[in-house]
Structures are given as structure tokens and as C-alpha cells.
Amino acid sequence: MKKTFLVFMMLTMAAASCQTIASAENGVHSEAAEADSAASGEESTAEVKMLNDLVGYIYQSENMYGDMQWVLDAFERLDAEKSWENLQLARASLAIAKDDISMYSLPESEMTVEDQMELMRRGIDVSFMENMEAAFEGEKTTLLNTCGNLHYSVMDGVFLQGDWDVSMQHVRLLKDLTACDIQYLANTADWVLATLNDDEITERFSEVMDTYCPLTHACQAEKPENPEAVEEVTDSLLDHVGDLLIDEAKILGAHSNRLNLMTELVEQEDYLTMGKDLLEISDMPPVLFYPTWYDDEDIHYFWKENDEIIETPAPGTTLERVPDICLIRTKGVSADEVLDYQEELEKAGLPCLGSTEDDGKLSILYEYQGNTFVLIWEDESVEILMTDDPVCFVPRWYLPACDAVK
């Protein structure tokens with residue numbers, strides 16, 4: 001009874017921490033606003049408003065790209081040392097970054113139509129500002145889609161050598177592509193400064209960039225050349241990006257081919273072929289096949305200190321240790337489907353420690369080789385809560401594949 005109470009308390013704490021994640025958006029936007037105001041001082045000229053909007057765009061974009069670089073670094077550490085600890089850290093990094101990226105949005109534009117008209121009358125091209133929000137939202141969507149591809153790689157693909165090899169090809173390409181994205185931000189800033197051709201504005205803008213957008217600032221030219229020179233460099237950069245996107249399409253095609261192959265092998269129950277391709281991960285905890293209704297897209301990780309949930313580490317920080325809690329939510333699941341999984345586990349030799357059903361809420365507690373987890377169903381939604389020493393949910397083909405090569 002004491003253990004059951006502890007698990008349910010952890011669920012309440014984890015749910016409260018989710019509110020902390022959601023509230024982080026206010027901090028992101030306040031920092032962007034601070035960056036904007038730092039660029040403007042007390043002035044409100046059309047040039048300053050344009051640069052404020054540009055800083056806001058670069059700041060938010062750089063943060064998204066920085067989040068992605070952080071994830072890719074975690075994948076490379078996992079590739080270098082395939083351990084359960086590094087796998088958990090890579091999974092947690094991806095979940096944190098995905099939540100973070102999804103919350104970014106551009107600050108409200110300072111430039112007015114009158115400001116744009118004034119700059120245009122003076123021969124300053126501001127057309128790029130009109131597409132800034134659409135460009136930002138497009139990049140955000142692209143990064144979230146990339147997170148989705150990486151999610152499969154680190155949740156299921158990591159168990160097969162062939163899948164993981166393709167995933168790491170993608171990771172290496174994404175590192176190059178993300179570096180190009182940051183360089184493009186730097187070129188954009190250089191082009192604007194070269195167009196304005198004002199040393200005082202350039203110096204002030206450089207100080208702001210150094211403080212709030214260090215990744216982009218590091219890629220800027222020491223002194224912006226004329227706009228034509230920046231455009232020439234940018235054209236070469238975009239050509240390289242085009243080549244990378246072609247290579248990425250090939251990698252995603254190879255990824256699809258792997259999925260098709262796996263589907264065929266599962267249908268044919270050719271577990272021996274899959275078993276020969278299994279990737280060895282050291283220090284693995286007890287593994288458990290996940291239910292047919294399982295979906296781990298909505299997954300969150302939490303850390304504790306003194307038995308209390310602490311603030312989730314921000315992207316870019318060093319994760320000193322693996323998470324203490326893992327919470328997975330799956331929607332669209334009936335109570336009967338949960339009970340079917342309970343029966344399936346019991347037939348496989350894993351009876352539950354106990355279950356409760358109260359006011360339409362079903363809770364089922366398990367202990368598997370010393371590792372505790374609980375299934376909680378309510379309103380067609382299931383939460384799987386793992387605390388301290390988590391089990392590792394694996395695809396349903398994994399255990400038969402292991403048995404086939406014993």
C-alpha cells in the first residue's frame with residue numbers, strides 16, 4: 001500500500017511540473033522583448049524598429065536551431081557509447097527540445113506600414129520583413145517534423161543496427177544543415193547592416209547580437225561588405241543547402257525502405273533476420289513489449305531533488321543525470337483495451353500488484369524485476385508513469401527477435 005501511494009503521489013507531482021513546462025513560453029517571449037529593447041535604446045526611428053524586429057526574429061530562430069543542435073549532440077554521444085544512460089538522455093533531450101520549439105513565436109512587430117514606406121522612399125529594401133513571420137513558422141514546422149523523425153529513431157529504430165545507421169546519417173546531415181541555417185541568419189543581418197551603411201548602428205547592433213544571439217553573431221562578418229557581396233555569399237550557401245536537402249530526401253527514402261522491410265519481416269515472422277540485426281545497448285533495464293495501442297509521442301521526463309519535482313533543464317544545459325520520472329500519455333484508448341493488455345501481461349508471467357477503479361478512473365500497478373510502473377486510464381486516455389528505475393518498452397517484435405538468436 002505504501003508503494004502504491006508513492007507512485008500516485010509522483011503522478012500528481014509530474015502533472016504539476018507539466019504546468020511549469022507550459023509556462024516557460026512567457027520567459028522565452030520576455031527575453032526576446034528584452035533583446036528588442038536593448039537594440040533600440042530610447043530611439044524609435046524606422047531603422048531601429050526594423051532592427052528590433054530583425055533581432056526578435058534572429059533570437060527566436062537561433063534558439064530553435066540551438067535546441068536542435070543540443071539534441072543532435074545527445075544522439076552523437078549515444079552513437080559513441082550505446083548505453084541505457086545515454087539512450088535515456090537522448091530521449092529526454094529530444095522531448096525537452098520538442099516542447100521548447102513548439103512554444104516559440106515571433107514578438108509583435110514594431111514596424112508600421114508608415115515605417116516601411118519611409119524606408120522605401122529612402123531606397124532601403126524592406127520586402128524581406130514582410131515574409132519574416134511566414135519564414136519563421138515554416139522553419140518551426142520543419143524542425144518539429146525533424147523531431148518526429150528523430151523520435152522514431154531513438155524510441156524504436158535504436159534497437160536495430162540498420163535503422164540506427166540510417167538515423168546517424170541523418171543526424172550528421174542535420175548538423176550541417178542547422179549550421180547553414182544559422183549562417184543564413186548571420187548573412188541576413190549582414191545584408192541589412194550593409195544596406196543601412198551606418199557605422200554607429202552596426203556597432204550597436206553587433207553588441208546586441210553578441211549578448212542575445214551569440215551563435216549567429218559568431219558567423220557574422222567582422223565588417224559587413226556591400227549588399228551585393230553578401231548576396232553572392234548567400235547564393236553559394238543556398239546552393240549548398242539545396243544539395244543537403246537532396247541528400248536528406250535520399251536518407252528519408254532509405255528510412256522508409258527500412259520501415260517497409262521491417263513490416264515484411266514482422267508479417268513473415270522472420271524474427272531470426274531481425275535478431276541478427278539487433279543493436280547491443282549496455283546496462284539495459286528489464287524490457288517489456290508495449291501494448292498494441294501504445295503511442296509515445298506525448299512523453300515527458302522529470303527530475304527530482306529532495307523528493308520534489310524540480311524545473312526541467314533548459315535545452316543547451318548539461319544533463320548531469322538521467323531523469324527520475326517518465327510519463328507517457330496515449331489518447332483514444334478504451335478501458336477494455338487497457339484490461340486486454342493487463343490480461344496479456346498476466347499470460348506472459350507479469351501479474352499486476354493491484355488495481356483500483358473509482359469514478360471512471362482505472363489504475364493498475366506493476367513491479368517488474370524491481371522496477372515499478374503504473375497504468376492510469378481515464379476519459380479514453382492512458383498515462384504510463386515510471387519512477388526511479390524505469391522499464392524499457394520495446395516493439396512487440398523485439399523479444400521474439402532476441403529469442404531467435406539465443
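A: Helix α7 gives the most to the lining of the largest pocket, with 10 residues; helices here are DSSP runs of H or I with at least four residues, strands are runs of E with at least two, and both are numbered from the N terminus. The model is a predicted one, in which local features need pLDDT of at least 70 and side-chain atom pairs count only at pLDDT 80 or more, while totals for chains, interfaces and linings use all residues. Residues are numbered from 1 along each chain as its sequence is written, and side-chain values use heavy atoms, with hydrogens and water left out.

The largest pocket has a volume of about 790 Å³. Of the 32 residues that line this pocket, Y57, A135, Y184, T188 and L238 are the closest to its centre. Two or more lining residues come from each of α2 (46–80), α5 (127–130), α6 (132–155), α7 (161–196) and α10 (227–267). On a 1 Å grid over the protein atoms alone, a pocket is an open set of points with protein on both sides within 12 Å along at least five of seven lines, a cavity is a set where a 1.4 Å probe fits but cannot get out, and lining residues have an atom within 4 Å of a point. Grid points are joined across faces, edges and corners, and a volume is the space filled by probe spheres set on the points.

By class, the pocket lining divides into 19 nonpolar, 8 polar and 5 charged residues, where Ala, Val, Leu, Ile, Met, Phe, Trp, Tyr, Cys and Pro count as nonpolar, Asp, Glu, Lys and Arg as charged, and the others, Gly among them, as polar.

The elements that give two or more residues to the cavity lining are α3 (84–103), β2 (298–302), β5 (325–331) and β10 (392–394). In the lining of the largest cavity there are 14 nonpolar, 1 polar and 3 charged residues.

Both spaces belong to a chain with 13 helices and 10 strands. Of its 406 residues, 49% count as buried, that is, under 20% relative accessible area with a 1.4 Å probe, protein chains only.

Definitions and conventions. Buried means under 20% relative accessible area, exposed over 50%, partly exposed in between (1.4 Å probe, protein chains only).
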